[in-house]
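Hi,

Here is the structure I promised to pass on.

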Amino acid sequence: MSPIPGSGLAKGLAVTLRTMTKKTVTAQYPDVQPELPPRSRGVIGLFEENCTVCMLCARECPDWCIYIDSHKETVPAAVEGGRERSRNVLDRFAIDFSLCMYCGICIEVCPFDALFWSPEFEYAETDIHELTHERDKLREWMWTVPAPPALDPGAEEPKEVAAARKAADKLAAAQAAEAAAAQQTAAEQAAAQAEQAAGSEAAGSEGTAPADPTGPSDPTPNSGPEGGQA
């Protein structure tokens, strides 16, 4: 069925009329901060502890606005006779937000969860060179990152949470087994001590002769020369 001529124009005018009848609301910014969506893309926060200087974010950035410098350090062997290892140490991590197009590729490709979206957007500068923010500023923005949204009721539990839960259950079971073994050992020791005390009391009662109620018997007369028979 072909559309009625002029139906599109009528729909557009209807939208215009509905908008014209609505009350105009003025955002009182900056006195009143706007309510941003939970997944707003403001700036990028850096969690340095998770960064391994793999350079994957810098290589995948289509604008080449991420600058990373690092150096290698030698880590002593963990055990005697082991091999020394080298690791990368982060020296500089900067993002030029005058070039960034907020695509989020760096956050998606980071394999160690070191980059996060922050809803902060108040970082305008009068000089374009000051829009290159170093890692100290990126770390400050890290603490403004909102908590991740809750999972759907029917969603599968993340593997990390399942592994942590399994490890916690295993540790709790081991602690419960140790507590039960300690209680059993204490009960066996108490029973052994009680049995030993009962045996000692029985042995003491058998070794002591009962007293004669009639008193001591008369001594037998001496048959020697001094005490002979009359």
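**What I found**

In the protein chain, residues 24 or more positions apart account for 71% of the contacts with a separation of 6 or more, where contact means heavy atoms within 4.5 Å. Before you go on, note that this is a predicted model, where local features need pLDDT of at least 70, side-chain atom pairs count only at pLDDT 80 or more, and totals for chains, interfaces and linings use all residues. Residues are numbered from 1 along each chain as its sequence is written, and side-chain values use heavy atoms, with hydrogens and water left out.

Going along the sequence, you get the pattern α-β-α-β-β-α-β-β-α-α.

Three of the strands form an open sheet in the order E2-E3-E5, with antiparallel pairing. Strand E2 (66–75) and strand E5 (132–133) are at the edges with a single partner strand each, so one side of each has no neighbour in the sheet. Two strands count as paired if DSSP finds at least two bridges between them, and E3 (residues 85–96) is joined to E5 by two bridges. In one of the pairs, Asp96 has Thr132 in E5 as its bridge partner.

Now zoom in on Ser118, in strand E4 (residues 115–118). Is Ser118 buried or exposed? Ser118 counts as buried because its relative accessibility is 0%; the cut-offs are under 20% relative accessible area for buried, over 50% for exposed and partly exposed in between, using a 1.4 Å probe and protein chains only. Leaving out residues up to four places away in sequence, Ser118 touches Ser40, Arg41, Gly42, Val43, Trp141, Thr144 and Val145. With one of these, Thr144, the side chain of Ser118 makes a polar contact of 2.5 Å (a pair of N or O atoms within 3.5 Å; within protein, one must be able to donate a hydrogen and the other to accept it, and residues adjacent in sequence count only if both atoms are side-chain atoms).

Tyr29 counts as partly exposed because its relative accessibility is 41%. Across the protein chain, 16% of the 230 residues count as buried.

Definitions and conventions. Helices (H or I, at least four residues) and strands (E, at least two) are DSSP runs, numbered from the N terminus.
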